[in-house]
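Hello,

Here is the model I promised to pass on.

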Amino acid sequence: MTNTVTPEALTFECETGNYHTFCPISCVSWLYQKIEDSFFLVIGTKTCGYFLQNAMGVMIFAEPRYAMAELEEGDISAKLNDYDELKRLCLQIKRDRNPSVIVWIGTCTTEIIKMDLEGLAPKLESEIGIPIVVARANGLDYAFTQGEDTVLAAMAARCPKQVLEAEKEERAGIQKLLSFGRKKEEVAAEESEYVEHPPLVLFGSLPDPVVTQLTLELKKQGIKVSGWLPAKRYTELPVIEEGYYVSGLNPFLSRTATTLMRRRKCKLIGAPFPIGPDGSRAWIEKICSVFGIEPKGLAEREKQIWDNLEDYIQLIRGKSVFFMGDNLLEISLARFLIRCGMTCSEIGIPYMDKRYQKAELEMLEKTCQEMGATLPKIIEKPDNYNQIQRIYELKPDLVITGMAHANPLEARGINTKWSVEFTFAQIHGFTNARDILELVTRPLRRNHALKDLGWDKLVKEEANV
Amino acid sequence: MKLAYWMYAGPAHIGTLRVASSFKNVHAIMHAPLGDDYFNVMRSMLERERNYTPVTTSVVDRNVLARGSQEKVVDNIIRKDNEEAPDLIVLTPTCTSSILQEDLENFVERAQIDAKGDVMLADVNHYRVNELQAADSTLQQIVKYYIEKAKKKGELPEGKTEKPSVNIIGVSTLGFHNQHDCTELKRLMADLGIEINEVIPESASVHNLKNLPRAWFNLTPYRELGIMTAKYLESEFGTPYIDITPMGVVETARCIRKIQQVVNAQGANVDYEEFIDNQTLHVSQAAWFSRSIDCQNLTGKKVVVFGDNTHAAALTKILAREMGVHVVWAGTYCKYDAEWFREQVSEYCDEVLITEDNGEIGDAIARVEPAAIFGTQMERHVGKRLNIPCGVIAAPIHIQNFPIGYKPFMGYEGTNQIADLVYNSFTLGMEDHLLEIFGGHDTKEVITKSISADSDLNWTKEAKAELNKVPGFVRGKVKRNTEKFARERGFEQISLEVMYAAKEAVGA
């Protein structure tokens, strides 16, 4: 194969990894809310607890279904028996909360002292009668949203293989209950709205309204979603059998994808992620093409959404954006913003799985070519200090960054948007494209409102720029 | 192992970082895994810092686990030394690094050879001390380091300042209302004719630490931070220290009288009695407040107090002694310093509670059913659940406890602020009860549920359920927009599909 060097190819670099991000145990905060009958036990130190307590702010007071198993000196020096200690705490949790599953979150400390959580879990599970799922979401190996990836990868192993006959009956019973009051023909008619295709399971934890939106979106194409990983309850984890098709909703789920392919023998539909109208359309088209379905009305639908975004796009068209990188959503967001007419010179990202994100990367490249934008540099494991020097040089119109740098950059007259908000906002599908731009344009709109005041820079002369 | 939902004092490294980043031009390097730099977020958000928090991480990852940090820590120290030329770099161990047992001391020594600034290892044990203890010992360690350095170089200034002067020790970043307290204390010292020699650690330069012995005395307003340093300076230079927190009218007077005694013993000739009298009667409103009929209504009301040693003890005394409020129990989470607390508050409350367990506190509040709570953010939330008003008096705190306006807790202006805080908590409580008795401000029955009349449109069950998931404050708007959309297009029933189509159409 002749390897012609095209200057239009994406470049990948790797820096020192000295960057700010959240610890992956933060996934507890959204997963315990998503999986309603779960209890998350983070086995770590005061440091982990302090982070969760402060990062989750108000949520902490709402009687959360999570707690720390705080390790003490006796645990570290193995004076205390791990198994007995965990048993004591898990029995207490069972007594107080009676969850359907306890998720153990392994941390840096359990890694270093080599606590065999995977080994202890099955034993304890049979003893106390509650499933125990182990996820090693630690800061030694992972960043922020990758925490969800480790939990879902562990959950993937717990998805039932086959619907047992009795259970089938039961599920049908629930179905009957749900279609209560409707005639049999109507239910049958509903079934016939779908095209014949192999079962499809989607993975990625999304708020319930977004789950509904995306399910309906596929329904319009006659595609039936057989299940979601994770479901609303642990007891409702979807059936996954060999040969099922799966598709990821978020760019940080590479371990989950790998587990579904290798362990559960599923076929992964590698598509761009449904973020922005362009991504949403590409995602649906890809699923359709795998199932041999001719997509209906997608082009019009996309156009209609774009038309609706025009007032926001006017604010950002021609402006530049810089991603410092901390949550792995960066490639998809950059692709969408470039389609909106922004330019982007640098995409920082904690970790880049070029295989799992292949379709997304190709779409980014294509988008840049179509929009006539220069291809961004993708910086894996960025170095925040170096990035800030580059930001001073480039003077981008918008920096998407963590909370550690947002206020200092604002004080130096640089517009910022906190990256964490993209993780907690509803950004998937056609319906939520506007919400992304609402976030992106907020600093620009705010600063536009203040622009005549004349106080852009609120720090004294920089010592060393 | 301990099952924990909440903690009052943070881990040790937070204390070290608070002290290090309070100094000017001091940089802390944490030996920690990715994500442990959450301190930077807190400082940037809570204090709304305009500058970058001078804390970076020498990241502990898999490679470090397998082979040790090797050159990494040393390289990171030297790199930071070049980039920002700090006066001092404090290498900060975390819970992770304390179990790795790497020889951090050795890294510091090696880095010191090439670094132009000073390098030091914070000497804290993660599993033995908490945030507050670590902060106290780190401050002492830094002060000792620079005193000894100056001694060795023969740069230690001789003698005391000409006029009476003071070092204020213990003001730090992320401390509860510390900035305002500091301003108020400086003002108080100016009124007393006492010069400020140094304030540490907040905004201090390490180069000035050698001047500490020139002060006539040291003032440590906070029980948790600064006492170790004050004791060190006393043993080294015989500088007396005053650890009476000037919070509340009585304690402020006691603190001033102690200052008078200390400076007069060194040859000054001051009499502050008239000043105290004037401030108490005319500047502070608190003394008058306690005499007014408002405060009369508070007599015998039951309250509980919980917080750190400094604030919980001071508030207990103010409530009981200055306002005639009945403190049923007073508590602290500073278990390591419990004896001090007991001694301070025993005569002002029925019961003393020493615990770090928020569940126990919550139960104790529910048991007593006080008219008001004075505690941390945690107690505020307990109060919310039990419908009891709460004034926040100590860390852990949220962003609303870093007010932009001037709100000291110390000195004479502090007494005014505290009086407001206490009084407002109670009136709110009283108003609540009145509302309950009379069933609301306006007893006229509400006739319609929303401003627009009930609609003729039919919502499907799913759509209705979805609508209910929309946050309350925008639900009405979403409902109206959706119905408008449906009417315009002639839909008779609003299904989920119609709902989302409407959202896309109007962008609501």
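Leaving aside its neighbours within four places in sequence, which residues is Ser58(B) in contact with? They are Ile29(B), Met30(B), His31(B), Ala32(B), Lys72(B), Val73(B) and Asn76(B), where contact means heavy atoms within 4.5 Å.

Before the rest, some housekeeping. This is a predicted model, in which local features need pLDDT of at least 70, side-chain atom pairs count only at pLDDT 80 or more, and totals for chains, interfaces and linings use all residues. Residues are numbered from 1 along each chain as its sequence is written, chains are lettered from A and ligands numbered from 1 in the order in which they are written, and side-chain values use heavy atoms, with hydrogens and water left out.

Back to Ser58(B): you will find this residue in strand S3 (residues 55-59) of chain B; strands are DSSP runs (E, at least two residues), numbered from the N terminus. Ser58(B) counts as buried because its relative accessibility is 1%, the cut-off being under 20% relative accessible area (1.4 Å probe, protein chains only). Its side chain makes a polar contact with that of Asn76(B), at 2.9 Å (a pair of N or O atoms within 3.5 Å; within protein, one must be able to donate a hydrogen and the other to accept it, and residues adjacent in sequence count only if both atoms are side-chain atoms).

In chain A, five of the five residues of strand S3 (residues 66-70) are buried, so this strand is largely enclosed by the rest of the structure. Tyr66(A), Met68(A) and Glu70(A) point one way from S3(A), while Ala67(A) and Ala69(A) point the other way. S3(A) pairs (DSSP finds at least two bridges) in the parallel sense with strand S2 (residues 38-44) of chain A over five bridges, and Ala69(A) is the bridge partner of Ile43(A). S3(A) also pairs with strand S1 (residues 2-4) of chain B, in the antiparallel sense over three bridges; there, Glu70(A) stands opposite Lys2(B).

Best wishes

Key
Helix = DSSP H or I, 4+ residues; strand = E, 2+ residues; numbered from the N terminus. Buried < 20%, exposed > 50% of the residue type's maximum accessible area, 1.4 Å probe, protein only.
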